[in-house]
Amino acid sequence: MSALGDNGPLVIVGGGIAGAYLAAMLGRRGHQVAMFDSRPDPRTDTHGGGRSINLAIAERGLLALRQLDLVDEITPLVVPMAGRIVHDAERSGVSGLQPYGTLDDEVLWSVDRTAFTVALLNAAESTGNVETYFRQRCRDIDFELGLLTLADGTQDELWHQVPFGTVFGADGVASIVRSEIAEHRQAEGLPAQVRRDMLSHRYVELEIAADIDGAFKLDPNGLHIWPRNDFMLIALPNPTGDFTATLFMAAAGNAPSFDAVSASAEIAAFFGEYFPDLNELVPDLVEQYIDAPLGRLGTIRTTGWSYGDQAVLVGDSAHGIVPFHGQGMNLALESAMTLVDELEAQPDDIAGAFASFERNRRPNADAIADMALENYVEMRDKVNNADYIIKRQLALILTEQLPQYFRPRYNLVMFSSMPYALAEQRGDVQDALLADLVEGCSTVAEVDMAVAADRVIALGPLADVGAE
Ligand SMILES: Cc1cc2nc3c(=O)[nH]c(=O)nc-3n(C[C@H](O)[C@H](O)[C@H](O)COP(=O)(O)OP(=O)(O)OC[C@H]3O[C@@H](n4cnc5c(N)ncnc54)[C@H](O)[C@@H]3O)c2cc1C
């Protein structure tokens, strides 16, 4: 059994959100950490600048930030989103804000990915215990000799090696640390599985620039959704007055798909038919669409997150999920926080702490992976559908009247830290109940509220299943 640092230096591969957060948490606890990232330092390299790519931070992410006292620092970087704003297919106007919750603090925070990563990197370095190295790509790991091979990002032939005692793999969906762990576990007959399920849908990011006065062209208080059944577009506000819009659509096929919508005339016709309001807001829509890289989406489920006391995965490397619940980063931050908790609970047994970490987190990561996939159907297909709307209205009434007993699953995931697996189970039970209660009703006023209240109370308090 060994304690952290006993076997040699602590190294983090990947300085994205999970890596930078973990570095700050370990640095705060007095551990010396070296972190290597294959990309340039986002604080000094503005090459990727210009277009803003943003993410929604929810309660789990905020909880993680509170551990570093970073919430006040992040606040000026975010735009709060209090609900969804749906743009209907006929396109005469927008639905208005559908609030996420009944409580004032049930809002999501839209944050620029780069600004957020920079804040985490600064927090890590300010501990005085973290060294960061950029343009350093991990090529392989020699567990026998305890050596990590890194290639210089600009000159791939320039390799060097650094010693490590424990390596943290925060190197994202295409993790090299994951491959190395899997290979070594397999060789020793330990469970090791990496399942990667790619979606047939892909995405492009587009920008809705601010107007000439720097003001938002759309209401900035919500997450905009253009649900179109088989595809959808969403837009999140940035503090700079612009929005980042993301179009999710099938990669191929005859119906609207990225393959079928590729020539300028097809693109103009597509946006004209399905997103006419966007056409007015974004004069260079066709050019942006043509220039935007086509992103892939997938789910990664891994069994075997660690190798003895020498390596462990954290973030997307262990559990990449599709972005439709806006939870991948929140999950990654919560996982990094849990990993540190496990290490503190078993300070003299790193291997044991890593094993507990996987035992605790994997069922939860699997649950949010499933819920994120389901949410794609909900967002693109259901938010406009009458059955969904009546159930949602009833859910909001019950949440308001019986907050200790009822909160929609979406809210349990986004605005609480109830373990994801429990939120999924409770959500299934509540959804079946809502379906029962609205059966035969065409408006929510027809629901028998006395029966509804009795049945909801019979489910038991949410606090008993892990809601705070
Ligand atoms: C379109 C889209 C929208 C999203 N929206 C949201 C959202 O609203 N809310 C949310 O919570 N999540 C969202 N996510 C998910 C979120 O982006 C990820 O879950 C999050 O970035 C995971 O952080 P990470 O640090 O594990 O991985 P990453 O952010 O991918 O960081 C990995 C880092 O490792 C580095 N790296 C990779 N390989 C190597 C190597 N061999 N050597 C050295 N360094 C290496 C990379 O350069 C990178 O900096 C979204 C994802 C997508 C695709």
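**Entry 1: Tyr420**

I began with Tyr420, which sits in helix α14, residues 420-438. A reminder to myself: this is a predicted model. Next I wanted to know: is Tyr420 buried or exposed? Its relative accessibility came out at 0%, so Tyr420 counts as buried, the cut-off being under 20%.

Then I looked up what Tyr420 is in contact with, skipping its neighbours within four places in sequence. The list includes Arg60, Gln327, Asn330, Leu331 and Glu334. Arg361, Asn364, Ala367, Ile368, Met371 and Val413 are on it too. With one of these, Gln327, I noted a polar contact: side chain to side chain, at 2.5 Å.

I also checked Tyr420 against Pro403. They are 17 residues apart in sequence, and their C-alpha atoms are 19 Å apart in space.

**Entry 2: the cores**

On to the nonpolar cores. Which residues touch the most other members of the largest one? I wrote down Phe116, Leu148 and Phe168, out of 68 residues in that core. Helix α1 gives the largest share of this core, nine residues.

Leaving out residues up to four places away in sequence, Leu148 touches Val11, Val13, Cys138, Asp140 and Ile141, among others. The rest of my list for Leu148 reads His160, Gln161, Val162, Phe164 and Val167.

**Entry 3: around the ligand**

Now the ligand. How many residues surround the ligand? I got 28, and the closest are Ala18, Asp37, Ala56, Arg113 and Asp316. Sorted by class, the shell has twelve nonpolar, ten polar and six charged residues.

Which helices and strands each supply at least two residues of the shell? I found α1 (17-28), β3 (54-57), β9 (136-142) and α10 (328-345).

I then went through some polar atoms. Ala56 has a polar backbone atom 2.7 Å from an oxygen atom of the ligand. For Gly326, a polar backbone atom is 3.2 Å from a ligand nitrogen. At Gly328, a backbone N or O atom lies 3.3 Å from an oxygen of the ligand.

How values were computed: Residues numbered from 1 in each chain as written. Predicted model: local features only at pLDDT ≥ 70, side-chain atom pairs only at ≥ 80, totals over all residues. Heavy atoms only, no water. Near = heavy atom within 4 Å. Polar contact = N/O pair within 3.5 Å; in protein donor to acceptor, adjacent residues only side chain to side chain. Helix = DSSP H or I, 4+ residues; strand = E, 2+ residues; numbered from the N terminus. Nonpolar A, V, L, I, M, F, W, Y, C, P; charged D, E, K, R; others polar. Core = buried A, V, L, I, M, F, W, Y, C linked by side-chain atoms within 4.5 Å. Buried < 20%, exposed > 50% of the residue type's maximum accessible area, 1.4 Å probe, protein only. Contact = heavy atoms within 4.5 Å.
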